[in-house]
Each structure stands twice: as C-alpha cells, then as structure tokens.
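Q: I have a model open and would like to talk it through with you. Could we begin with how charged pairs are defined, and then move on to the rest?

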Amino acid sequence: MSNERLQKAHYGEWPSFVSHIALALITGVLGYISGSKALIADAVHTASEAAGSFSLSRGLHSGNAAVEKESANKQGKPEKVTAIIVSVMLLLVGLELALSSAKVLYYGVESSPGTMALIVIAASIVVKEAMIQYNNRFGRLRPTGSKASHVSGLRPDVYSSLVAFAGAGGAILGHYLGNKYLYYLDPIASLIIAGMVFKTGYRLVLDIMDSTSERVLHEEDAAELIGTVQTVKGVIAVDDLRAKEHGHYVIVDVKICVNPRITVFEGHDIAKRVKYLLMKRFIHISEVNIHVNPYDPGYPYKNIDADQEQFPSVVH
C-alpha cells in the first residue's frame with residue numbers, strides 16, 4: 001500500500017518538473033528578446049524550482065527503493081549526488097546573476113524593457129498559480145512533511161514573478177513618463193530575484209542534509225504509535241517500538257506479544273492488522289516491520305498460570 005502511494009506521488013511530480021522547465025525556457029528567451037533583466041532572473045528562479053521538483057521526485061523514488069531493500073543511504077546515493085550538484089549550480093547561478101545585475105546598475109541603464117516583458121510575466125504568474133493548485137492535489141499522495149515543504153517551495157516562485165512584474169513594470173512606466181531613473185527598477189528586481197535563487201539553492205542543500213540523516217522519533221510521537229498498536233485485538237503487549245525518520249518518510253519496527261498458544265497463522269493475521277492500522281492512521285509511515293513474540297506469563301503486570309493448558313485467545 002505504501003509503495004503504491006509513493007509511486008503515485010513520484011509520477012505526480014513529473015508534470016510539475018516538465019512545466020517548470022518549459023516555462024523557464026520560454027520566459028528566458030522572451031526576457032532576452034524584450035531586454036528585461038528581471039524576466040531573465042525570474043526564468044532562472046523558475047528553473048531553480050524545477051530543480052527542486054526534480055530533487056523531491058528522485059527523493060521519493062530512492063526512498064521507496066530504500067524501504068524495499070532496507071538500504072536507504074546506499075540506494076539513494078546517485079540521486080543525492082545529483083541533488084548536491086544541482087544545489088551547488090543554483091548557488092553559483094544565483095551569485096552570477098547577482099553580479100550581472102550589480103554590474104548593470106554600476107554602469108547605468110540606458111533603456112527600459114519592452115512591453116512584451118510585462119505581458120509574459122503576468123501570464124507566468126497565472127501558470128505558476130495553476131501549478132501550485134496541481135501540486136496541492138497530488139500533495140495528498142505524499143508523506144505529510146514532503147507535501148508541506150514542496151508546496152511552500154513553489155510559492156516563492158510566484159513571489160519572484162511579482163517582483164519581476166514590479167521591476168519591469170516600473171521601468172516601462174519610466175519609459176512612458178520620460179524618467180530614466182525608473183529604468184533601474186528592472187535590474188534591481190533582477191538583483192532581488194538573484195538573492196531568491198541563491199536562497200533556493202541553500203534550501204536544497206539543507207533538505208539534502210536533512211534527508212540523509214536518520215532521526216528517531218520523539219517519545220511522545222512513539223507513544224502515540226504504541227497506543228495505536230495496543231488497540232489491535234490480539235496484541236497483549238508491545239515489547240519495543242522504534243520509529244525512524246528517513247527524510248520525509250518514517251519506518252517503524254515494532255515487537256508485539258501475542259498469546260503463545262495461538263497458531264502461526266493467527267499471529268501473522270494479528271501482525272497484518274497492526275501494520276494496516278498504523279499505515280492507515282499515520283500517512284507519513286511508509287513501512288512497518290513487525291516481530292511477533294510469544295507472551296511471557298511471568299511479565300510483572302500479568303498474573304497467568306504458565307502451566308495451564310488453555311490460554312484465552314486474547315489476553316487483556
């Protein structure tokens with residue numbers, strides 16, 4: 001069930017990735033034709049969001065393989081290396097864009113961008129908002145943390161377009177008003193967006209570092225999982241429960257105690273019910289590994305005669 005959910009989320013990422021790449025190419029070319037530094041910077045920022053979408057998509061895919069093969073770090077290594085390279089490239093591109101904008105401001109701006117730049121930016125804002133709505137829909141298939149981080153990552157792309165719109169629009173307005181000082185708004189907007197691109201690269205680096213670390217869940221979170229397991233009929237006690245985060249998904253290892261007199265089939269059925277309940281109630285759990293142990297009658301808070309022939313099917 002978890003594999004199918006993650007697979008659907010993985011496929012849902014590709015339209016977003018392709019759309020960002022196409023939009024970046026179109027706006028970049030039109031930005032160059034119209035002479036708008038802000039529009040070119042906005043295209044670069046859109047490309048950076050495409051890189052973020054790609055990194056998340058590969059992270060979901062490698063995470064799924066890690067669950068199946070119990071080797072998350074080894075199986076996801078190529079994807080992580082790719083994500084690191086993309087992040088470094090974004091940092092360098094953001095720096096280069098900032099230096100280019102600063103150079104234009106230093107040497108002066110002689111003309112404003114064409115009106116076409118304003119139209120393209122407005123259309124870009126509409127398209128990006130549509131992408132956000134699309135990702136909100138597919139976000140329901142992703143693990144909880146993944147959805148939040150990805151959708152929050154898309155919203156700044158709209159903000160960058162708004163900055164570009166203000167910068168290019170102000171420069172164009174300066175052309176009609178005959179005020180050359182307003183021409184500087186376009187490269188200023190480009191400089192601001194360059195900072196946003198640099199921030200995106202930095203955010204991706206942090207996400208990669210976060211995804212490579214394995215963290216044990218807090219005690220209060222584990223207690224909630226234990227309480228859920230104990231509600232399953234046939235579970236006498238929970239010997240141990242370990243829940244570890246691998247990036248945006250959680251793997252749970254739990255040891256349960258069942259009546260030692262029941263059949264192997266009955267014990268297996270109880271384990272299946274435990275797994276189903278955990279994965280249904282907690283959507284961020286991608287895998288549950290269950291170890292079924294016979295209940296020890298000598299357990300401190302249980303008072304059962306170990307020599308009796310028949311144990312009840314369920315002991316509570």
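A: Gladly: a salt bridge here is a side-chain nitrogen of Lys or Arg within 4 Å of a carboxyl oxygen of Asp or Glu. This is a predicted model, in which local features need pLDDT of at least 70 and side-chain atom pairs count only at pLDDT 80 or more, while totals for chains, interfaces and linings use all residues. Residues are numbered from 1 along each chain as its sequence is written, and side-chain values use heavy atoms, with hydrogens and water left out.

Q: How many salt bridges are found in the whole structure?
A: The search finds 5 salt bridges. One of them pairs R273 with D269, whose closest N and O atoms are 2.6 Å apart.

Q: Where do R273 and D269 lie?
A: Both lie in helix 9, 4 residues apart, which is about one turn of the helix; helices (H or I, at least four residues) and strands (E, at least two) are DSSP runs, numbered from the N terminus. An α-helix has 3.6 residues a turn, so residues three or four places apart point the same way.

Q: And how accessible is R273?
A: R273 is partly exposed, with a relative accessible area of 34%, and D269, at 28%, also counts as partly exposed. Buried means under 20% relative accessible area, exposed over 50%, and partly exposed in between, with a 1.4 Å probe and protein chains only.

Q: Which residue does E287 pair with?
A: E287 forms a salt bridge with K275, the closest N and O atoms being 3.1 Å apart. This pair links distant parts of the chain, with E287 in strand 4 (residues 285-294) and K275 in helix 9, 12 residues apart. E287 counts as buried at 14% relative accessibility, whereas K275 is partly exposed at 30%.

Q: What about K128, which partner does it have?
A: K128 forms a salt bridge with D42, and their closest N and O atoms are 3.1 Å apart. Since K128 lies in helix 5 (residues 115-139) and D42 in helix 2 (residues 37-69), the pair ties together parts that are 86 residues apart in sequence. Both K128 and D42 are buried.

Q: Back to helix 9: what span should it have?
A: At 1.5 Å a residue, the 18 residues of helix 9 (residues 264-281) should span 26 Å, and its end C-alpha atoms are 26 Å apart, which agrees; the expected span is 1.5 Å times one less than the number of residues.

Q: Which of its residues are buried?
A: In helix 9 the buried residues are G267, I270, A271, V274, L278 and M279. Seen down the helix axis, they fall within an arc of 160°, so they line one face of helix 9; the arc is that of the directions from the helix axis to the C-beta atoms. On the other side of helix 9, F265 and K280 are exposed.

Q: Changing topic, how much of the chain is buried?
A: Buried residues make up 44% of the 316 residues in the chain.

Q: And what is the secondary structure of the chain?
A: The chain comes to 9 helices and 4 strands, and from the N terminus on its elements run α-α-α-α-α-α-α-β-α-β-β-α-β.

Q: Last one: what share of the contacts joins residues at least 24 apart?
A: Among contacts (heavy atoms within 4.5 Å) between residues at least 6 apart in sequence, 75% join residues at least 24 apart.
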